[in-house]
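Please work through the exercises below with the sequence and the three-dimensional structure at hand. Each task is followed by a stepwise solution.

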Amino acid sequence: MKKTSLFLCLIALAFVACKPEPVPTPDDNGQTNETVVKKYLVKELLNNDPEKIRLAIDWNEDCTQILHVKYGLGYGSIVDYDFKYYGNDSIRVIPSLPQFSYPIWCLFYDSIMMHLHDEIVDSICCYANGELNDVEHYFYNDAGRLIKRSYFSDASADVFRWEGDNVVEYNMMDYGTVTIDSFTSFLHPHSTLPYYLSNEVAYEVRQPLFDPLWEFQPVRPNCDEYEIDDDGYITKMTFHNYDSTQTYTYNYYYITK
């Protein structure tokens, strides 16, 4: 089995990098009632501290392509990702580690190539020192939704079950099956990102980099409060630790093209 303690693995799904249609905003009963402005996430901070970056995204002028990403744990650890586009056929992603990135100090791959077919990801080739190490494959249902990503071997796979525009059950990165019982009526901060990217650079970072698998924010049991803007996008989520003795926030900032 491949070394899993320190490595990078990015995956992507068919949220195409083209101009998306506006999404409807739901009312308190989850019913849609009007078309809202499409917004794009540019920053996600821990406790609204500009030095505690969880995610920072640079877009091109019309928000059809992601150019650069900073991913962090919120405590100073950062990984940079540069995106280079080759028409509609492929995207090359180069990760790098800035100085003082501990505990993220080593990457398993130094580049990946995302291969597209009909504007969705067909496969991803992962390279280290110029050599091909792994190939990931993607499978979709008739609606074009990602239902399986295989990696390393057919025995290693992420699987997704959809209902409408939301994933309601999944198993990612061998964490076991997770079922989502309910959703809020607020738009998920990642819902307008063009790709699902799964990030692995160390054991403590085994989680999605982007996860636009939900149109609406899933209910999280340790989230006490949501703040939203006039268009239904979440701007702040307040969490409590499981012993309820301390709270922390995720703060979200957007642009509108």
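This is a predicted model: local features need pLDDT of at least 70, side-chain atom pairs count only at pLDDT 80 or more; totals for chains, interfaces and linings use all residues.

Residues are numbered from 1 along each chain as its sequence is written, and side-chain values use heavy atoms, with hydrogens and water left out.

**Exercise 1. Characterise the chain as a whole.**

Step 1. Count helices (DSSP H or I, at least four residues) and strands (DSSP E, at least two), numbered from the N terminus. The chain has zero helices and 21 strands.

Step 2. Of the 257 residues, 52% are buried.

Step 3. Examine contacts (heavy atoms within 4.5 Å). Of those between residues at least 6 apart in sequence, 44% join residues at least 24 apart.

**Exercise 2. Describe the largest nonpolar core.**

Step 1. Such a core is a set of buried Ala, Val, Leu, Ile, Met, Phe, Trp, Tyr and Cys residues joined through side-chain atoms within 4.5 Å. The largest contains 54 residues, and Phe-83, Phe-160 and Phe-210 have the most contacts inside it.

Step 2. Beyond four places in sequence, the residues touched by Phe-160 include Val-167, Glu-169 and Tyr-170.

**Exercise 3. Explain why strand β13 is largely enclosed, and identify its partner.**

Step 1. Five of the six residues of β13 (residues 166-171) are buried, so the strand is largely enclosed by the rest of the structure.

Step 2. Strands pair if DSSP finds at least two bridges between them. β13 is joined by two bridges to the antiparallel strand β14 (residues 178-179), with Glu-169 opposite Thr-179.

Step 3. Six residues separate the strands of this hairpin, and Met-173 in the turn has a positive phi of about 55°.

**Exercise 4. Trace the pairing of strand β20 on both sides.**

Step 1. β20 (residues 234-240) forms five antiparallel bridges with β19 (residues 223-228). Five bridges also join β20 to antiparallel β21 (residues 247-255).

Step 2. Thr-238 is the bridge partner of Glu-225, and Thr-238 also stands opposite Thr-249 in β21.

**Exercise 5. Is Val-37 buried or partly exposed, and which residues does it contact?**

Step 1. Val-37 lies in the loop between β2 (32-35) and β3 (40-46). Because its relative accessibility is 37%, Val-37 counts as partly exposed.

Step 2. Apart from neighbours within four places in sequence, Val-37 contacts Asp-231, Tyr-233 and Thr-256.

Terms used
Buried means under 20% relative accessible area, exposed over 50%, partly exposed in between (1.4 Å probe, protein chains only).
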